[in-house]
Amino acid sequence: MIVTSAPGKVILFGEHAVVYGKPALVGAIDKRIYVRVERRKDETIEIFSEDLKHKKTSFSLKNKTPQLPEEFEYVKEALAITFDFLDKSCGLDIKISSGIPPASGLGSSAAVSIATILAISKSLDTNLKDKEIARLGHKVELKVQGAASPTDTAIATFGGVLFVEPSKNAFERIDCSISLVIGYTGDARSTKELVKKVKLLKERNPSVIDPIIEDIGRVTREARKRLEKGEDIGELMNKNHELLEALGVSTKKLSTLVYKAREAGAMGSKLTGAGGGGSMIAYTPKNQEKVIKAIEDLGCMALKAQISKEGVRVEK
Ligand code: MEV
């Protein structure tokens with residue numbers, strides 16, 4: 001039996017624009033998804049999860065597989081793509097336990113894909129390099145979502161804080177400390193649908209939407225400089241949120257959380273991830289408890305987030 005885990009994430013700056021080649025700043029958080037796999041004697045794949053909305057599914061990759069719930073699609077594609085890359089396969093019992101709410105904008109899909117890829121490679125006695133795991137994970141997201149940047153799968157693999165630059169096919173580690181509170185609306189949403197929504201908006205209105213994407217890129221580059229110098233990033237976070245509202249990916253509830261967090265003393269706040277529900281982050285070098293209370297008073301879940309240095313790993 002093998003158990004692996006990978007961290008969830010918060011996008012600090014640059015979501016959506018990163019799908020169009022602009023940079024993103026992303027941090028791994030200390031909430032992880034665990035994947036336990038055991039080899040079977042037959043070719044069946046059985047996936048079981050206590051925490052995800054859908055509890056159980058069973059299929060064989062040798063046959064045409066049925067359309068699975070979105071969260072299990074990531075696991076199915078991770079299996080298919082990794083078996084194909086390693087040119088080996090086997091039947092598996094897979095058990096997923098998650099400390100990250102599904103479809104919350106906190107990277108559960110990337111974390112489950114990356115932890116699954118490592119677990120499969122270990123079950124087949126192979127050692128994939130982290131770079132290969134991240135690359136295969138990105139392929140999984142592309143397959144399931146249609147369009148995806150390498151941001152979420154890179155952070156689930158490497159941990160820490162990364163400046164991801166898809167146009168250069170590169171990412172750099174950023175050494176910084178940042179105090180955050182996460183607010184989760186409780187409203188699940190689909191990254192695939194939100195990425196598609198922005199794509200259609202951009203296709204219909206390129207002269208309006210392209211400059212917004214450019215501006216998000218500029219805000220992200222500036223935020224990187226300030227983070228590296230240990231300077232305040234609050235104002236830039238607010239600006240990033242306004243630009244995301246202009247892309248139409250916030251909701252009334254999400255923006256209410258964002259503005260209430262500022263009223264309670266956050267130095268900046270924005271939605272994080274794809275939007276459409278999901279989560280927001282508040283930058284809280286001070287007033288953390290007040291911000292948590294403001295989020296909870298709105299009936300939402302507040303989490304203090306620590307940046308996790310560790311990416312994907314095999315559990316002892
Ligand atoms: C989702 O966490 C972030 C998006 O930018 C999509 C992506 O980067 O693939 C919305």
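The model is predicted, and local features need pLDDT of at least 70, side-chain atom pairs count only at pLDDT 80 or more, and totals for chains, interfaces and linings use all residues. Numbering starts from 1 along each chain as its sequence is written, and side-chain values use heavy atoms, with hydrogens and water left out.

**The ligand and its surroundings**

Let's start with the ligand, which sits in the largest pocket (more than half of its atoms lie within 2 Å of the pocket's grid points). A pocket here is an open set of points on a 1 Å grid over the protein atoms alone, where a 1.4 Å probe fits, with protein on both sides within 12 Å along at least five of seven lines; lining residues have an atom within 4 Å of a point.

Around the ligand you will find K9, I11, E15, H16, V18, V19, A148, S149, D152, V195, G273 and A274, where "around" means that a heavy atom of the residue lies within 4 Å. By class, this shell holds six nonpolar, three polar and three charged residues. Ala, Val, Leu, Ile, Met, Phe, Trp, Tyr, Cys and Pro count as nonpolar, Asp, Glu, Lys and Arg as charged, and the others, Gly among them, as polar.

| Residue | Polar atom | Distance to a ligand oxygen |
|---|---|---|
| S149 | side chain | 2.5 Å |
| D152 | side chain | 2.7 Å |
| H16 | backbone | 2.9 Å |

Taken alone, the ligand exposes 300 Å², and the protein buries 98% of that (areas by the Shrake-Rupley method with a 1.4 Å probe).

**The largest pocket**

This pocket has a volume of about 580 Å³, the space filled by probe spheres set on the grid points, which are joined across faces, edges and corners. Its lining has 37 residues, with Y74, A103, S109, R189 and T191 nearest the centre. They divide into 17 nonpolar, twelve polar and eight charged. Helix α2 gives the most, with four residues; helices (H or I, at least four residues) and strands (E, at least two) are DSSP runs, numbered from the N terminus.

**The second largest pocket**

Here the volume is about 340 Å³. Of the 14 lining residues, A134, R135, P150, N169 and F171 lie nearest the centre. Two or more residues each come from α3, α4 (151-158), β6 (161-165) and β7 (170-173), and α3 gives the most, with four.

Note on methods:
Polar contact = N/O pair within 3.5 Å; in protein donor to acceptor, adjacent residues only side chain to side chain.
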